[in-house]
2 protein chains.
Amino acid sequence: MERARPTTIADVAQHAGVSQASVSRVLNGKASVDPRIVEVVTASIAALGYTPSTAARSLVSGRNNTVAMIVPDLENPLFQGILKGLSRAAALDGYRVLVADTAEIVADEEVIAIEARHRTDAIVLCAPRMPEKKLRDVLSRVAPAVVVNRPIDETGTPVVGVDYVRGIRDLVEHLAGLGHTRLVYLAGPAPSASNRERERGLAEILAARPDLTITTIATGSALDDGYRATAEVIDAVRGEVGATAVLAFNDLVALGLMRGLSEHGVSVPGEVSVAGFDDVPLASFSSPPLTSMSVPRSEIGEQVWQRLRALIAGAAVDHAVLYSPRLEARESTGPVDRA
Amino acid sequence: MERARPTTIADVAQHAGVSQASVSRVLNGKASVDPRIVEVVTASIAALGYTPSTAARSLVSGRNNTVAMIVPDLENPLFQGILKGLSRAAALDGYRVLVADTAEIVADEEVIAIEARHRTDAIVLCAPRMPEKKLRDVLSRVAPAVVVNRPIDETGTPVVGVDYVRGIRDLVEHLAGLGHTRLVYLAGPAPSASNRERERGLAEILAARPDLTITTIATGSALDDGYRATAEVIDAVRGEVGATAVLAFNDLVALGLMRGLSEHGVSVPGEVSVAGFDDVPLASFSSPPLTSMSVPRSEIGEQVWQRLRALIAGAAVDHAVLYSPRLEARESTGPVDRA
DNA sequence: CTGTTAGCGCTTTCAC
DNA sequence: GTGAAAGCGCTAACAG
């Protein structure tokens, strides 16, 4: 079965009895073309079912109307939401999104980013664990690019992200307002920029409120990581530490922990309050519903697109945008029980 | 700020003092090239930081090493898993994947698919609600393509999917084995092919087991849809129907329902058993953990890639692959309470 | 084994 | 207002 030669602009020109240039003109609505030619060309295009070759267009224009998004793990709800927002916003401008999942392998991020950039007009980089030095180096080679969820100064690269420092502080305030003073923080991956941000927020509030105490337990970013921390958390709650509330790195960790606590008969929020971060879709559907910090995932994706579009057009880059997470107080956190 | 002209194969050739053809040869490892030339060209490439233009390559080869995946909603866990599997498998062969989210707008699927196909070498179509007639039409225009999760015969298009008919039957058997005979089915979107498959499975088992009764309640495919069905379900459980178990279209619907039941003080599985479908990552972390039918999302993605690769290579298409979901019996389903 | 040459399909001056 | 012709960067004959 021979693969048919696709119809080209030349076929259309011949069919319409005009020059390729004219076809090209009506195709792009450029210059002024005789209405009659427009008509006949349009008819020929329809008759032949012609669609222009993107490859040829790219070659001559240097553009391919595509952007790439590099993520460590497509199964992370945060990146999914951003991808969705980006994809839909870009589509409105005729752009498509190429995804590249680095499978959490930091060492591969550089080549993947460069390769992806090469097929596209710009990239958005979600690389929370890439060392800063390397990040700067990569950015200088893949520009234009937008970075998500990590600070990066003096590089001319727009950043769109979440104000984790402030978010975690607000969350601690919420807990403190409920009377909790002995907290546990389930830390995310140590190399993660957003984890460092959260820890910075924690340090700030600790400095401001000497009445608080925060015990850190290293975990990760997934459901299992929270689940596995169960014993340690129970120890902190029932042992000398006497913790009454837990802040998890994100909702997945929080939900994993809640599962573990439930299995051990630890009541939430009766015996210990639990709060997450990100407000994933399922957060409000857990039992009890999880208190979390809501971040506008889709909107971040849209903002990323605005920046990318500006960069592609050669426009000036906007300043970084940081979204302040909004507290979603639900039933997994409650007043400290002073029985 | 002038955008610098990218370095081309001509620059490399000049720098190395050889012809473009030679550079092209070492680039592609084609034919045999003098080791000394290989060396000097390699050096020049490195020195100039040259990377070949994908657009030019595409134009001449007719390929662009990219495939597209069309999905109704990127936030659906099922598609996310498939996308992840596809993306990682394709990457191993040097292919990237373009995503196109149709925002659940069935009317747009056709143009999006055709446009996406035009930028890529093949597409994978997840369009559960597209009318079959339209689907056939689209497939004939975008080939090569792979269809996910819906049957489609005599079209030469490979299908990779889940055996919903069998899955739902197995689930009913599980419930029946626990003594449930009066069941409720929370139906998904009516136009959804996979919902029709489930209903077919239900009809089959109903024919085989006259002792069973299944009441259908129309819902949807999201968390809220399940949540909103709460009242109707409670009615079916406590009213004349006397249902003792609920099968939801998918896990999201099941989890939404469980939230509603919990708010109304209906015990699961004490008063009513609840089962989902898909086994999303969070299913085992709900309270109680949700009984579900597990489907190998990533593996489906990998299989899709195998098919796509074969099609792109012009090889024969494999037969349809249907994965049989595996029962994950958890605590949301229990023996019927004959108090 | 290497260089020259002719396109791939399209846009875009440049004449007419 | 329209057509002819020159490339965009690369690969693949074809000579040498």
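Tutor: Buried means a relative accessible area under 20%, exposed means over 50%, and partly exposed lies in between, with a 1.4 Å probe and protein chains only. The model is predicted, so local features need pLDDT of at least 70 and side-chain atom pairs count only at pLDDT 80 or more, whereas totals for chains, interfaces and linings use all residues. Residues are numbered from 1 along each chain as its sequence is written, chains are lettered from A and ligands numbered from 1 in the order in which they are written, and side-chain values use heavy atoms, leaving out hydrogens and water.

Student: Which residues of H6(B) are buried?

Tutor: In H6(B), the buried residues are Glu109(B), Glu110(B), Ile112(B), Ala113(B), Ala116(B), Arg117(B) and Arg119(B). Helices are DSSP runs of H or I with at least four residues, strands are runs of E with at least two, and both are numbered from the N terminus.

Student: What makes the pair of Tyr164(B) and Phe277(B) tilted?

Tutor: Rings of Phe, Tyr and Trp (its six-membered ring) pair if their centres lie within 6.5 Å; planes under 30 degrees apart are stacked, those over 60 edge-to-face, and the rest tilted. The structure holds six aromatic pairs over all chains. In chain A, the ring centres of Tyr164(A) and Phe277(A) are 5.5 Å apart with planes at 45 degrees, so that pair is tilted. The rings of Tyr164(B) and Phe277(B) also have centres 5.5 Å apart and planes at 45 degrees, so this pair is tilted. Tyr164(B) belongs to helix H8 (residues 164-177) of chain B and Phe277(B) to the loop between strands S9 (273-275) and S10 (292-294), so the pair ties together parts 113 residues apart in sequence.

Student: Why does Tyr164(B) count as buried, and why is Phe277(B) called buried?

Tutor: Tyr164(B) has a relative accessibility of 2% and therefore counts as buried. Phe277(B) is buried because its relative accessible area is 0%.

Student: How do you know that Arg198(B) lies over the face of Phe277(B)?

Tutor: A charge sits over a ring if NZ of Lys or CZ of Arg is within 6 Å of the ring centre and within 35 degrees of the ring normal. Arg198(B) lies 4.8 Å from the ring centre of Phe277(B), over its face.

Student: Why does Arg169(B) count as partly exposed?

Tutor: Its relative accessibility is 29%, so Arg169(B) counts as partly exposed. Arg169(B) is in helix H8 of chain B and, apart from residues up to four places away in sequence, touches Gly201(B), Glu204(B) and Ile205(B), where contact means heavy atoms within 4.5 Å.

Student: Why does Pro131(B) count as partly exposed?

Tutor: Pro131(B) counts as partly exposed because its relative accessibility is 47%. Pro131(B) lies in the loop between strand S3 (122-125) and helix H7 (132-142) of chain B.

Student: What makes the relation between the chains that of a two-fold axis?

Tutor: Copies are superposed by least squares on C-alpha atoms of residues with pLDDT of at least 70 in both. Chain A is superposed on chain B by a rotation of 180 degrees with 0.0 Å of shift along its axis (RMSD 0.1 Å). That is the relation of a two-fold axis.
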